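Here is my note on the model you sent.

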Amino acid sequence: MTPAPGEPLPVRCHVVTGKGGTGKTTVAAALALSLAADGRHVLLVETEGRQGIAQLFDTPPLPYEERRVAVARGGGEVKALAIDVEAAFLEYLDMFYNLKRAGRALRKMGAIDFATAIAPGLRDVLLTGKIKEAVTRRHDGRFVYDAVVVDAPPTGRITRFLNVTGEVAGLARSGPIKAQSDGVMAVFRSGTTAVHLVTLLEDMPVQETADAIADLTAARLPVGSVIVNMAAEPLLPAASLSRTAEGRLTGADLLPALTAASVHGAAEVADGLAAEAVEHAQRWVAQDALRGDVEALGRPVVELPLSVTPIDLGTLFELAERLEALLATEAAA
């Protein structure tokens with residue numbers, strides 16, 4: 001079971017990554033809703049500037065400001081933030097160097113764009129710094145957010161994204177940059193953070209997930225669960241799936257039943273249905289074979305079903321219920 005309302009969550013920073021096209025933004029949104037149940041306050045952070053969160057929750061584009069996008073079961077709430085690199089840079093200059101006015105002048109000169117262009121790592125430093133600030137922010141001695149969920153960059157660069165501040169820390173021996181870098185890495189490498197990997201039951205996403213887990217582990221970053229998204233559910237009885245996948249179901253097998261039901265053009269319909277059944281069974285068998293590879297990754301696994309309708313808020317709540325298993329696993333850890 002998940003912790004009771006008012007009890008601290010064992011993991012407070014949930015980083016969600018995945019190969020492009022696996023639906024990591026949808027999973028991050030559903031996870032935020034699940035964490036916000038029973039009156040909790042959750043911040044959902046977007047890092048890539050695509051406004052994917054705003055689209056999912058059917059809201060106007062998110063500014064660099066924390067805004068409520070949903071109310072969860074039990075009165076909890078999900079706020080969302082799209083991190084703007086320029087605004088984060090100005091905030092950073094003001095926070096550590098009291099250079100707010102200078103920062104505005106730099107913006108007018110285009111110096112911020114220039115700096116992030118010649119030093120791409122600077123962008124990730126600013127993003128991770130803002131995430132750390134949200135995770136550790138307190139008011140009257142209590143954390144402002146019970147959990148922070150990050151819609152992070154894809155698996156191909158997730159380790160560098162999370163570890164870039166640590167690399168910067170190695171270049172600065174003292175001062176605000178060193179302190180900030182150490183603080184970020186202390187959060188990301190602690191037990192309060194978990195990096196969840198979203199995959200599909202397809203060869204390339206599974207392999208990329210395995211590679212990302214190896215890279216994260218080598219960087220001493222905590223790996224959470226593997227979330228299998230868009231998993232097709234079998235439409236045929238288990239006993240007939242293998243036979244059908246082998247192409248041993250034909251229109252002739254279905255024709256008697258369709259004829260008895262007085263279906264117009266029964267022979268043509270039977271052939272079409274048989275072809276669709278074979279295609280479905282072959283896809284299911286191929287996916288099922290990859291489940292062993294996913295289990296071999298050695299992480300908790302949660303499966304989310306393929307939605308036959310466009311993703312909307314109702315769908316997100318349904319997926320959130322499925323993710324309760326993930327939260328229960330973490331609570332028991």
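1. Start with strand S7, which is covered on both faces. Ala147, Val149 and Asp151 are buried on one side. Val148 and Val150 are buried on the other. Side chains in a regular strand alternate between the two faces of the sheet. S7 spans residues 147–151, and five of its five residues are buried. Bear in mind that this is a predicted model.

2. Which strands pair with S7? Strand S1 (residues 13–18) does, in the parallel sense, over four bridges. Cysteine 13 stands opposite valine 148 there. Strand S2 (residues 41–46) also pairs with S7 in the parallel sense, over five bridges. Leucine 44 has valine 149 of S7 as its bridge partner.

3. Next, the largest nonpolar core. This core has 39 residues. Val15, Ile131, Val148, Ile158, Leu162, Phe188 and Leu216 touch the most other members. Helix H6 (residues 120–136) gives the largest share, five residues.

4. Leucine 162 deserves a look in the viewer. Leaving out residues up to four places away in sequence, Leu162 touches Val15, Met185, Phe188, Val195, Leu216 and Leu221. Aspartate 124 is 38 residues from leucine 162 in sequence. Their C-alpha atoms are 7.9 Å apart in space.

5. Is aspartate 124 buried or exposed? Its relative accessibility is 6%, so aspartate 124 counts as buried. The cut-off for buried is under 20%. Aspartate 124 lies in helix H6. Beyond four places in sequence, Asp124 touches Arg157, Phe161 and Val164.

6. Threonine 155 lies in helix H7 (residues 155–169). Threonine 155 also counts as buried, because its relative accessibility is 6%. Which residues does threonine 155 contact, neighbours within four places in sequence aside? They are Thr17, Gly18, Lys19, Leu197, Glu208 and Ala212.

7. Helix H9 covers residues 203–218, 16 residues in all. From its first C-alpha to its last, H9 reaches 23 Å, close to the 22 Å expected at 1.5 Å a residue. Pro205, Val206, Thr209, Ala212, Ile213 and Leu216 are its buried residues. Arginine 220 follows H9 and has a positive phi, near 60°.

8. H9 belongs to a right-handed β-α-β unit with S8 and S9. Strand S8 (residues 193–199) and S9 run parallel and are joined by four bridges. Valine 198 has isoleucine 227 of S9 as its bridge partner. Strand S9 (residues 223–231) is mostly covered, with eight of its nine residues buried.

9. S9 also pairs with strand S10 (residues 301–305). This pairing is parallel and has four bridges. Alanine 231 stands opposite proline 305 in S10.

10. Helix H12 (residues 266–295) has 30 residues. H12 reaches 43 Å between its first and last C-alpha atoms, close to the 44 Å expected at 1.5 Å a residue. The buried residues of H12 include Ala266, Ala270, Ala274, His280, Trp284, Gln287 and Arg291. What do the buried residues of H12 pack against? They pack against H9, S9, helix H10 (238–245), helix H11 (251–260) and S10.

11. Last, an antiparallel pair. Strand S3 (residues 67–71) and strand S4 (residues 77–82) are joined by four bridges and run antiparallel. Valine 71 stands opposite glutamate 77 in S4. S3 and S4 form a hairpin, with five residues between them. Glycine 74 sits in the turn and has a positive phi of about 80°.

Terms used
Residues are numbered from 1 along each chain as its sequence is written. This is a predicted model: local features need pLDDT of at least 70, side-chain atom pairs count only at pLDDT 80 or more; totals for chains, interfaces and linings use all residues. Side-chain values use heavy atoms; hydrogens and water are left out. A nonpolar core is a set of buried Ala, Val, Leu, Ile, Met, Phe, Trp, Tyr and Cys residues joined through side-chain atoms within 4.5 Å. Buried means under 20% relative accessible area, exposed over 50%, partly exposed in between (1.4 Å probe, protein chains only). Helices (H or I, at least four residues) and strands (E, at least two) are DSSP runs, numbered from the N terminus. Contact means heavy atoms within 4.5 Å. The expected span of a helix is 1.5 Å times one less than its number of residues. Two strands pair if DSSP finds at least two bridges between them. A crossover is right-handed if, with the strands pointing away from the viewer, the path from the first strand over the helix to the second runs clockwise.
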